[in-house]
Amino acid sequence: MAEYKEFKKVLIANRGEIAIRVIRACRKMGIETVAVYSEADRNSLHVRYADEAYYIGKAPASESYLRIDKIVEVAIKSGCDAVHPGYGFLAENSEFVKACEANNITFIGPNTESMYILGDKTRARQKMMDADVPVVPGMRDPVESLEHALKIAKEIGYPIMFKASAGGGGKGMRLINDEEEFKAVYDLAKGEALSAFGDDRMYIEKAIVHPRHVEVQIARDKHGNAIHLYERECSIQRRHQKVIEESPSMAINDEVREKMGQAAIRAVAAANYDSVGTVEFLVDKDMNFYFLEVNTRLQVEHPVTEMVTGIDIVKLQIEIAEGKPIPYKQEDIKQVGHAIECRIYAEDPDKNFMPSPGFITGSRLPGGPGVRVDSGVYSSGEVPMFYDPMVAKLIVWDVDRPNAIARMKRALREYVIKGIKTTIPFHQKVLRNENFIKGNISTEFIDKEVLVKPQPRKGCLEVAIAAAAIKEYLREKELRSKLVEFKETCGAGSPWKEAGRRAAMFGASFGDIYRYST
Amino acid sequence: MAYVVTVDKVEYRVTINEIDADKYEVTIDDKSYIVDTRLSEESVYSLIVNGKSYEVDLEYKEGVYNVLTEGDLFKITVMDELKKKMLERRGGGAAEGKQVIKSEMPGAIVDVKVKVGDQVKEGDVLLILEAMKMQNEIRAPKDGEVKEIFVKPGENVEADAQLVVIE
């Protein structure tokens with residue numbers, strides 16, 4: 001066996017549910033854990049679950065969880081031999097990796113060289129083409145003239161996207177279906193780009209119609225052994241943010257699944273990658289797949305893969321960082337049953353997903369067969385306003401997709417988080433949407449299907465009315481009793497002033513007080 | 001007690017009769033239900049209605065009951081018949097006049113888009129509030145003139161803080 005070390009103590013440079021997930025893996029492996037926390041997180045769960053915890057700064061992430069100097073200093077002082085970055089914050093920051101290495105602390109993640117290659121989209125695209133991994137057909141060089149543009153478009157095949165070089169994030173692009181349309185809008189599109197970005201350079205890319213986002217979980221060790229852990233379907237997104245993930249994907253068959261797995265392994269091998277990671281692809285309706293990017297970190301949605309393969313991905317990631325070879329061969333990895341994950345955000349789905357930080361006043365977790373909750377919150381804990389609004393992930397496993405959906409529905413029904421608003425009700429709506437149930441989804445599903453069309457209600461109107469009326473009855477009864485108490489105790493002084501004070505205190509109006517006093 | 005309950009602009013006649021501790025006879029438009037209620041987790045109620053078990057989440061805010069059940073939100077107003085009649089006689093326009101826009105959540109004011117004296121239309125962006133890495137547009141709930149602004153860019157605000165007055 002190759003030479004390796006075994007970590008004794010690991011610092012987790014993160015917070016919330018992912019810090020807890022990493023602590024859980026470490027504890028199982030007999031590794032001591034060190035938590036770091038900001039001013040807003042003294043009461044957070046990750047502080048309680050770790051063996052040691054150190055304060056690193058004020059609440060804003062730029063003064064705490066993004067402070068490379070402070071985190072490395074804590075790692076040195078507490079005698080850590082490795083640092084786990086989680087996701088977000090410093091997980092893909094090569095400066096952080098260098099700072100760790102300079103102090104002889106292992107960064108649990110890929111080497112800086114592969115992070116550099118894969119971190120830039122243009123560099124990564126070239127690398128992938130060399131490694132025979134399919135990319136979205138097109139060219140990144142700007143078109144020179146209409147004739148030139150028409151020639152390229154013909155080679156690639158319509159429909160195409162005509163994109164502004166200076167655009168991005170969904171802006172400055174136009175879908176073009178045929179040559180006639182291209183001729184008609186060529187000048188117009190360039191003019192728009194000029195006025196929007198001050199730059200009229202445009203390039204052509206093949207349009208992927210109703211794309212699905214399918215990604216492959218991979219693991220590659222320092223000895224060049226690589227496996228894939230099959231795919232995750234992540235098409236259910238809102239504002240380019242994933243909200244529901246599943247494995248397996250209904251968009252592909254076993255043949256394509258195998259091809260994507262091999263392509264993903266070639267993709268990370270091309271960059272000499274040495275950790276767990278994710279290769280993202282777009283898949284069109286004919287099951288063609290195109291490389292999107294590599295996420296060089298542990299991902300939020302890793303639990304769905306853990307549920308269908310039975311492999312502890314965080315443990316595997318730590319072992320790879322220790323220099324151990326991957327203990328599995330590709331043929332050992334089986335994808336069994338179906339898993340779904342719902343991300344629970346502290347947002348109000350009935351108020352345009354407005355963030356809803358605050359104190360959790362009550363919490364009841366779902367349980368029972370096949371249910372897993374990765375949560376960062378607890379009853380009477382706080383969701384600070386400074387960080388990502390994701391508070392928990394609810395994951396279920398069952399023998400197939402219809403059963404997994406049924407199980408997720410019942411788990412969502414059991415889940416209670418009070419004090420803040422969460423996206424639990426929103427997930428309930430998605431899970432009973434007919435097109436979701438049929439697997440008829442794309443990355444546009446939430447925006448075009450769930451948020452636009454009124455969703456049929458399942459809740460019972462009579463029950464809601466009865467609940468509201470009983471509550472009103474009780475509220476009035478309480479007001480009356482407080483008024484009696486007030487009359488008995490506050491006889492003296494100006495009755496108007498007193499009534500005003502009392503009214504403010506009980507949230508009642510003068511009218512109410514008047515009504516009950518007469 | 002007799003109430004007029006309004007949901008999605010439809011009115012229902014509801015009576016409540018307390019028959020035992022936590023137990024009520026409720027009629028909704030002449031249909032009768034026996035309802036047994038228990039409270040858990042602050043605002044989550046267990047209701048047993050004619051033997052069927054339901055769980056609802058109930059919140060009272062500014063005269064409206066927000067009732068969540070099975071992931072569906074019902075916005076419900078409950079008024080006793082007397083009060084409703086009085087309001088109707090007065091010509092009850094609640095949306096008229098001065099309106100104070102409050103912060104729904106704690107956060108930081110990123111930008112204030114209006115100044116005192118501006119005429120705004122319903123849906124116009126008044127200011128931008130950042131919380132949880134997201135920028136949220138706070139919009140005018142009605143047409144009117146900006147009478148007062150309580151916040152400046154860069155300022156942190158608590159939930160329920162007064163932001164702008166529109167009249």
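## A first tour

Me: Does A:Ala226 count as buried, exposed or partly exposed, and why?
Reply: This is a predicted model. A:Ala226 has 18 C-beta neighbours inside 10 Å. A residue needs 20 or more to be buried, and 12 or fewer to be exposed. Because 18 falls in between, A:Ala226 counts as partly exposed.

Me: Which residues does A:Ala226 contact, leaving aside its neighbours within four places in sequence?
Reply: A:Ala226 sits in strand β11 (residues 226-238) of chain A. Its contacts are A:Ile218, A:Ala219, A:Arg220, A:Ile265, A:Val268 and A:Ala269.

Me: What distance separates the C-alpha atoms of A:Ala226 and A:Pro425?
Reply: Along the chain, the two are 199 residues apart.

Me: Which residues touch the most other members of the largest nonpolar core?
Reply: Nonpolar side chains tend to be buried together in soluble globular proteins. The largest nonpolar core here holds 135 residues. Those touching the most other members are A:Leu11, A:Val83 and A:Ala267.

Me: Which element gives the largest share of the side of chain B that touches chain A?
Reply: In all, 45 residues of chain B are in contact with 36 residues of chain A. The largest share of chain B's side is five residues. They come from strand β8 (residues 72-80) of chain B.

Me: How many residues on that side of chain B are nonpolar?
Reply: Sort the side by class. Six residues are polar and six are charged. The nonpolar residues number 33.

Me: How far apart do the C-alpha centres of domain 1 and domain 2 of chain A lie?
Reply: Chain A is divided into domain 1 (9-108), domain 2 (137-206), domain 3 (343-432) and domain 4 (461-517). Between the centres of domain 1 and domain 2 of chain A, the separation is 45 Å.

Me: What separates the centres of domain 1 and domain 2 of chain B?
Reply: Chain B is divided into domain 1 (2-90) and domain 2 (99-166). Taken over C-alpha atoms, their centres are separated by 33 Å.

Me: What is the radius of gyration of chain B?
Reply: Chain B has one helix and 16 strands. Its C-alpha atoms fill a box of roughly 55 × 40 × 20 Å along the principal axes. A compact globule of 167 residues would have a radius of gyration near 15 Å. Chain B has 20 Å.

Me: Where in chain A is the pLDDT below 50?
Reply: The mean pLDDT of chain A is 90, and 92% of its residues reach 70 or more. One stretch is below 50, and it has 15 contacts in the model beyond near neighbours in sequence. Where pLDDT is low, the predicted coordinates should not be read in detail. The stretch is residues 507-518 of chain A.

Me: Which element of chain B has the highest mean pLDDT?
Reply: Chain B averages 86. Helix α1 (residues 81-90) of chain B has the lowest mean among the elements, 73. The highest, 95, belongs to strand β3 (residues 23-28) of chain B.

Me: What is omega for the cis peptide bond between A:Tyr158 and A:Pro159?
Reply: Most peptide bonds are trans. A:Pro159 lies in the loop between α7 (146-156) and β7 (160-168) of chain A. The cis bond joining A:Tyr158 to A:Pro159 has an omega of about -5°.

Me: Is A:Phe89 buried or exposed, and why?
Reply: A:Phe89 is in the loop between β4 (82-84) and α4 (94-102) of chain A. It has a positive phi of about 40° although it is not a glycine. Because A:Phe89 has 20 C-beta neighbours inside 10 Å, it counts as buried.

How values were computed: Residues numbered from 1 in each chain as written. Chains lettered and ligands numbered in written order. Predicted model: local features only at pLDDT ≥ 70, side-chain atom pairs only at ≥ 80, totals over all residues. Core = buried A, V, L, I, M, F, W, Y, C linked by C-beta atoms within 7 Å. Contact = placed C-beta atoms within 7 Å. Helix = DSSP H or I, 4+ residues; strand = E, 2+ residues; numbered from the N terminus. Nonpolar A, V, L, I, M, F, W, Y, C, P; charged D, E, K, R; others polar. Domains from an automatic or database assignment. pLDDT = per-residue confidence, 0-100. Rg over C-alpha atoms; globule rule 2.2 N^0.38 Å.
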